[in-house]
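Reader: I would like to learn how to read charge pairs in a model. Please take me through some cases.

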Amino acid sequence: MRSVRRFLVVLFGLFGRPRLEREMAEELESHIQMHVDDAVRAGMTPEDARRDAVRRLGGMDVTKEAVRDRRRLPFFETAWQDLRFAGRSLAKNPGFAAVTIATLALGIGATVAIFSAVYAVLLAPLPYPSPDALVVPVSTNAARGFDRASVPYADYLDWREQRDIFAGVAVWQPTAVDVAAGGTAMPERVEAAEVGQAFFDVLGVRPMVGRTFAAADHDVTGARVAVVSHGLWQRTLGGVPDVLDRDLRLGGVPVRIVGVLPPDSMWPAEQQIWLPMRPAEFGEDVRSRRDNFIFQAVARLAPGVTIEAGRTRVAAIAARVARDHPESRKSWSSSLVPMRDYFVERELRDALLVLLTAVGVVLLIVCVNIANLLLARGTSRGRELAVRTALGASRPRLVRQLLIESLLLAAAGGALGVAVGAPLIGALRRLAPDGVPFVAAMTLNLPALAAAAALGLGSVVLFGIVPAVAGSRQSPVAAMREGSAGTGAATATVRLRDALVVAEMAMAVVLMVCAGLLIRSFTKIVNRDPGVAVDRVLAARVSLPEARYPKDDDAIRFFERLTGDLAAQPGIASASATSYLPAGGGGFGLGRVFLKEGQPEPPATTDYDGNWNVVTPDYFRTLGIPLVRGRTFTDRDTASSPPVIVVNETFARRMFP
């Protein structure tokens with residue numbers, strides 16, 4: 001209560017100064033009058049008594065200062081005076097102020113922009129209840145370089161029973177669907193996901209309209225239903241309030257909407273439609289095979305369970321599965337990855353931290369540069385500071401005056417830095433490569449503004465303290481002598497400025513070396529031969545609705561006609577279809593282990609692992625992959641002809657040395 005009362009007294013003092021001055025004068029006059037009365041009674045004249053009373057109190061001005069000190073007003077009054085003086089001083093030097101503020105704004109703006117990206121991708125809390133308990137189960141194979149592979153459905157069934165480790169586990173599969181909101185609407189290709197039971201419960205997501213999936217929705221006899229994103233509801237359905245009474249046509253099949261999710265609340269973020277997974281429609285190999293790594297999973301740890309305990313348990317389950325199925329699970333294990341770590345790959349995290357460090361060093365160079373400018377300006381103000389010192393200004397008062405000037409510069413630079421950072425954040429959002437998570441969250445939000453304020457205050461410390469202390473240490477006599485014609489700056493000041501220049505140059509050299517190394521690495525990556533043609537090659541993703549292409553032969557005929565019609569178009573040299581694009585282009589990758597014909601199973605002999613792909617004729621010519629020996633596929637290689645494969649040189653050397 002005492003501190004609150006003192007604050008209120010001070011605050012009242014700032015805005016009630018005339019009244020306080022009047023009260024002080026009345027109080028002082030009452031004290032003087034009491035002394036005068038006592039002296040008159042002792043035989044002095046009123047004039048002599050008043051002079052003696054003022055002398056005893058130390059003088060009228062000194063007495064007023066003492067009263068002000070008791071009322072705790074001098075600090076705030078002098079700070080306000082310093083602030084006004086700093087504003088006038090900077091206004092007299094508009095060129096210096098403009099250069100300083102603009103330089104600082106660029107440094108703070110760039111740092112705020114990169115910080116907003118780092119915060120959105122690495123630091124912002126995930127939009128789920130207790131996000132630290134969310135993990136992503138993955139398959140691992142150190143021998144083949146897999147650390148985040150998909151999982152088999154059978155593994156999910158094992159994990160689902162571990163109630164002492166998991167509060168819930170769910171599987172899902174990404175897909176793509178053609179969506180039309182009405183019979184005459186133009187279909188739109190959107191990303192979708194088939195999700196298993198408990199998917200929304202595991203994430204803790206609740207719909208803003210309607211419901212999520214019930215158990216009956218996952219039954220093969222249930223009605224076809226879907227949950228849609230807020231964006232799809234607004235864009236395709238116009239945000240109509242009766243959305244639950246509407247149907248969507250997915251691949252020509254009507255599907256009833258049962259729920260709408262809140263905006264920015266789901267993972268994966270690119271999905272806009274969620275469909276119930278129906279395991280009864282799976283083939284037996286999908287449900288039971290331990291090497292069918294085609295599902296994604298998400299799990300929530302039970303209360304009190306650490307991720308290390310969960311990893312130990314799923315690894316033990318994987319070891320048991322490997323013993324029971326050595327032919328399909330050799331070298332395979334399972335692990336858990338925190339959800340944010342699964343979103344953000346290590347390379348992306350390192351790149352963002354490197355960028356943040358780089359712009360931080362740039363801001364540090366900016367502050368050193370401004371410190372040099374302030375030191376140079378302090379040299380030219382030596383006579384002013386000397387006169388103020390000679391008139392009685394204390395060294396702390398001078399330091400405070402100079403720091404307040406730096407604070408004004410930092411405040412203006414920080415405000416302008418926010419204005420510079422906002423469009424830079426938008427540019428980062430537009431330039432972000434596909435696949436970077438949480439791009440939409442890169443905004444000028446409260447954490448970014450707090451970072452700008454912290455950078456502004458921190459810059460005061462970096463560029464304001466040293467010049468302020470250096471300026472306050474000048475001797476009045478020496479400063480007056482140095483300010484005369486033919487004299488220069490003080491030796492100590494010159495040395496300090498030289499040291500700052502050396503530090504600035506050192507940091508600039510470090511930045512240039514790092515930038516050169518990054519450019520060199522980037523150039524090597526860009527110029528590296530990927531083994532396939534990347535110029536004049538276009539790729540498109542095609543998924544066929546099962547309702548229109550229920551049999552494999554139907555799909556085969558579609559792709560034969562598609563590639564043939566494309567190859568016949570003017571300007572197209574060749575066309576092909578593939579289940580997986582090389583160099584990480586996406587698709588459905590497959591992996592198996594291979595044995596030489598006639599060799600026994602391991603451990604009696606060695607098997608060889610390899611990824612394999614399904615392609616149509618002209619695939620190698622379309623991608624410019626040269627043939628070393630033999631032939632590529634032709635139209636005569638069909639399901640009824642002898643099976644053939646094409647292998648690369650690495651596989652040939654390993655298996656047939």
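Author: Start with Glu 191, which is partly exposed at a relative accessible area of 26%. Buried means under 20% relative accessible area, exposed over 50%, and partly exposed in between (1.4 Å probe, protein chains only). This is a predicted model, where local features need pLDDT of at least 70, side-chain atom pairs count only at pLDDT 80 or more, and totals for chains, interfaces and linings use all residues. Residues are numbered from 1 along each chain as its sequence is written, and side-chain values use heavy atoms, leaving out hydrogens and water.

Reader: Which residue forms a salt bridge with Glu 191?

Author: Side chains of opposite charge can pair when their charged atoms come close. The cut-off here is a side-chain nitrogen of Lys or Arg within 4 Å of a carboxyl oxygen of Asp or Glu. Glu 191 pairs with Arg 541, with the closest N and O atoms 3.5 Å apart. The two sit 350 residues apart, in distant parts of the chain. Arg 541 is exposed, at 55% relative accessibility.

Reader: How many salt bridges does the rule give?

Author: The count is 20. One of them joins Asp 178 and Arg 189, at 2.7 Å between the closest N and O atoms.

Reader: Arg 290 and Asp 158: buried or exposed?

Author: Both are buried. Their side chains meet in a salt bridge at 2.8 Å, N to O. This pair also links distant parts of the chain, 132 residues apart.

How values were computed
Helix = DSSP H or I, 4+ residues; strand = E, 2+ residues; numbered from the N terminus.
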